[in-house]
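Dear colleague,

I am handing over the structure below, and I would be glad if you could look through it alongside the notes that follow.

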2 protein chains.
Amino acid sequence: MLELRHLRTLNALDETGSISLAAQRVHLTQSAVSHQIKALQEYYQLPIIQRSGHAVQLTDAGKRLVQLAGKILGEVQSAERDLAKISRQAAGSLRIVLECHTCFDWLMPIMDDFRQHWPEVELDLVSGFHSDPVSLLRQQVADVVIGSENKPQQGIIHFPLFRFEILAVLAPGHVLGSKRILEAADFAQDVLITYPVPEERIDLIRQVLMPAGVSWQRRTTELTVAILQLVASRRGIAALPGWGIKNYLDYEYVIARRIGTNGLWSDLYLSVREQDASLRYLRDFLETIDQVCFARLDGIKPLSKKERGKTKREAGKTKGSKKIGQSFSELRMIARYKLL
Amino acid sequence: MLELRHLRTLNALDETGSISLAAQRVHLTQSAVSHQIKALQEYYQLPIIQRSGHAVQLTDAGKRLVQLAGKILGEVQSAERDLAKISRQAAGSLRIVLECHTCFDWLMPIMDDFRQHWPEVELDLVSGFHSDPVSLLRQQVADVVIGSENKPQQGIIHFPLFRFEILAVLAPGHVLGSKRILEAADFAQDVLITYPVPEERIDLIRQVLMPAGVSWQRRTTELTVAILQLVASRRGIAALPGWGIKNYLDYEYVIARRIGTNGLWSDLYLSVREQDASLRYLRDFLETIDQVCFARLDGIKPLSKKERGKTKREAGKTKGSKKIGQSFSELRMIARYKLL
DNA sequence: AGCATATATGAAAATTATTCATGTTTATCT
DNA sequence: AGATAAACATGAATAATTTTCATATATGCT
């Protein structure tokens with residue numbers, strides 16, 4: 001029997017074009033998705049996907065179901081927003097601390113979207129830099145932290161957002177451009193341009209330069225465009241998220257190179273106080289982030305189970321309070337479909 | 001997590017206004033529906049139903065979900081019809097044998113609806129009377145029998161439709177009208193007006209008069225209206241399904257009385273060859289019958305598990321062929337929502 | 001009050017979904 | 001070409017969820 005679960009999976013499959021990626025998006029294993037599709041094919045006595053070599057393609061039948069998913073999942077989300085309004089969970093506050101500076105880029109449109117749907121939620125960005133952003137949650141100064149923190153802490157829940165690659169950004173024609181991959185030592189040759197945050201908050205420094213014992217020169221500026229402008233005018237090099245510089249790369253304003261053989265990756269989490277974790281508008285916010293980011297940001301990956309603070313099963317067991325149909329997986333499970 | 005299952009149940013709940021009836025409609029126990037609703041309420045942290053005494057009423061939240069169900073379930077059915085077309089299961093034949101004469105009343109509009117959705121299925125009524133209608137399935141003369149047969153037979157599957165009450169129909173002012181309930185003996189006093197079918201096919205005779213050893217006089221005619229006309233003009237009395245005479249009762253053209261303390265009830269099944277049981281258009285036909293009948297026919301009841309030829313669990317075990325995601329329950333499980 | 005009817009609920013059972021471990025196929029690299 | 005890696009499939013085991021069963025509770029009726 002067809003269920004919404006299937007439609008959510010098919011939707012992810014449509015967007016990712018791959019069973020394993022779709023599986024990550026819906027927080028299942030590749031095997032689970034494979035079984036789901038098999039079940040659907042047997043139920044309808046029809047092939048849903050077609051394999052052309054490695055890539056999977058949706059058949060006409062598959063496309064029809066994806067179309068159904070598109071229509072339906074939006075309706076479901078909209079109904080659930082209405083339910084939140086009915087239950088008066090529609091008011092509250094969402095004060096956001098952004099640990100990752102570049103994230104402004106994708107967060108802004110999401111905030112605009114959110115404001116439309118939740119006019120009664122006070123939406124704010126908590127400005128300034130903070131050494132321990134999560135403590136702001138405890139102090140009730142902020143309600144949400146978007147950052148890399150994922151260590152389990154009493155009373156705090158970390159929702160995984162996604163993993164992205166940090167690329168070295170160079171001026172076109174820069175000498176280092178001749179290398180396909182940059183190593184720690186390469187960064188000693190030029191000025192490093194960063195946001196004005198403490199060294200330990202800069203992934204390149206913490207994870208690459210310091211471990212390698214390489215020294216560096218640094219120059220800071222507030223805005224991403226300013227960093228890029230400096231790089232392009234050969235004042236130095238930078239390290240920025242791949243999705244943040246996509247446009248500049250396309251116009252060959254700057255060029256990018258991988259850092260280290262496997263690349264330099266960073267994980268993003270959204271942290272909240274435990275008691276806020278089931279707030280409707282918070283869930284909707286999470287859902288929107290997922291939808292928008294996976295649809296629009298290039299080269300990001302879902303955080304797989306291993307990278308998560310808690311696994312689904314542990315979470316179920318850990319929960320002391322009465323189960324109210326809101327296991328961790330449910331909190332996290334998100335309808336992924338294209339925004340209209 | 002919300003699933004289509006919940007929406008189907010809520011829809012039934014909306015239409016029946018009762019948990020137990022809704023349960024019958026979706027072929028679950030009352031307990032299961034109760035649990036489902038409880039889970040939903042806990043998931044959304046909202047009451048979905050309100051109890052005013054015995055009757056259950058949907059809250060605003062419940063109504064919003066029903067509204068969602070209305071939008072969504074129609075889309076699902078429509079997508080599934082498209083899938084059938086894609087799989088070329090859209091062509092075939094549906095030759096129907098009607099054992100119950102009065103059933104023309106509700107079947108006609110259903111056939112019209114069906115013809116629209118399945119233009120490539122040859123739709124026919126097999127006319128004439130047949131002592132063993134199910135054998136027509138074996139002889140490939142018909143594809144579907146709608147009747148009271150429900151004894152398990154090799155190669156035949158009986159899908160339960162519904163149970164309805166057969167009422168005695170009298171002219172207004174008829175002497176028997178003074179009784180609230182008619183007994184077998186009462187039928188000896190007047191002419192019995194029936195369709196021209198063998199005695200053993202008339203429930204009143206087989207189940208009431210013959211067991212009681214009462215004799216009767218009979219007069220036959222083809223059409224339901226003709227029977228009613230004869231009754232109204234005091235040429236005799238008749239026994240007809242409650243829903244078949246609703247309009248005539250409303251206009252007081254005739255009156256109706258229960259037969260026996262518990263009433264005379266008849267069960268209707270739809271029988272097909274086993275190999276046809278998973279045909280898409282057949283399922284759709286079944287689905288439509290369910291929707292239309294439960295929405296429009298007065299006083300019918302779903303057939304509960306006990307009345308069914310096979311139970312869900314037995315069926316699963318019995319099936320010899322490889323399970324292909326189409327257990328008996330799935331074959332039977334029907335999205336019930338209002339036709340547009 | 002007592003009975004019949006409708007719903008709720010905890011525990012057991014059944015069913016279904018997911019993961020794990022592994023196999024197969026296709027693509028890539030040397 | 002052969003080895004290796006990547007993506008998907010699949011059977012069996014396990015986990016999770018759903019349903020039923022057996023009652024309990026509440027309501028309405030006579």
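In this predicted model, helix α1 (residues 4–16) of chain A packs against helix α4 (residues 60–86) of chain A at an angle of about 115°, and the axes of the two helices lie 9 Å apart. The crossing of α1(A) and α4(A) is left-handed. On the side of α1(A), the contact is made by L4(A), L7(A), R8(A), L10(A), N11(A) and D14(A), while α4(A) contributes L65(A), V66(A), L68(A), A69(A), I72(A), L73(A) and V76(A).

As for the two chains, chain B can be laid on chain A with an RMSD of 0.1 Å, by a turn of 180° and a shift of 0.0 Å along the axis. The two copies are therefore related as by a two-fold rotation axis. Both copies use the same surface, since 100% of the contact residues of chain B recur in chain A.

Within chain B, helix α10 (residues 280–296) has 17 residues, which at 1.5 Å a residue should span 24 Å, and this agrees with its end C-alpha atoms, which are 24 Å apart. Because 15 of its 17 residues are buried, α10(B) is largely enclosed by the rest of the structure.

Elsewhere in chain B, L21(B) sits in helix α2 (residues 19–25), and it counts as partly exposed because its relative accessibility is 38%, which falls between the limits of 20% and 50%. From L21(B) to V33(B) there are 12 residues in sequence and 9.9 Å in space, C-alpha to C-alpha.

With best wishes

Key:
Residues are numbered from 1 along each chain as its sequence is written. Chains are lettered from A and ligands numbered from 1 in the order in which they are written. This is a predicted model: local features need pLDDT of at least 70, side-chain atom pairs count only at pLDDT 80 or more; totals for chains, interfaces and linings use all residues. Side-chain values use heavy atoms; hydrogens and water are left out. Helices (H or I, at least four residues) and strands (E, at least two) are DSSP runs, numbered from the N terminus. The expected span of a helix is 1.5 Å times one less than its number of residues. Buried means under 20% relative accessible area, exposed over 50%, partly exposed in between (1.4 Å probe, protein chains only). Axes are lines fitted to C-alpha atoms, for helices over the stretch in contact, and angles run from 0 to 180 degrees between N-to-C directions. A crossing is left-handed if the near helix is turned anticlockwise from the far one by less than a right angle, and right-handed if clockwise. Contact means heavy atoms within 4.5 Å. Copies are superposed by least squares on the C-alpha atoms of residues with pLDDT of at least 70 in both.
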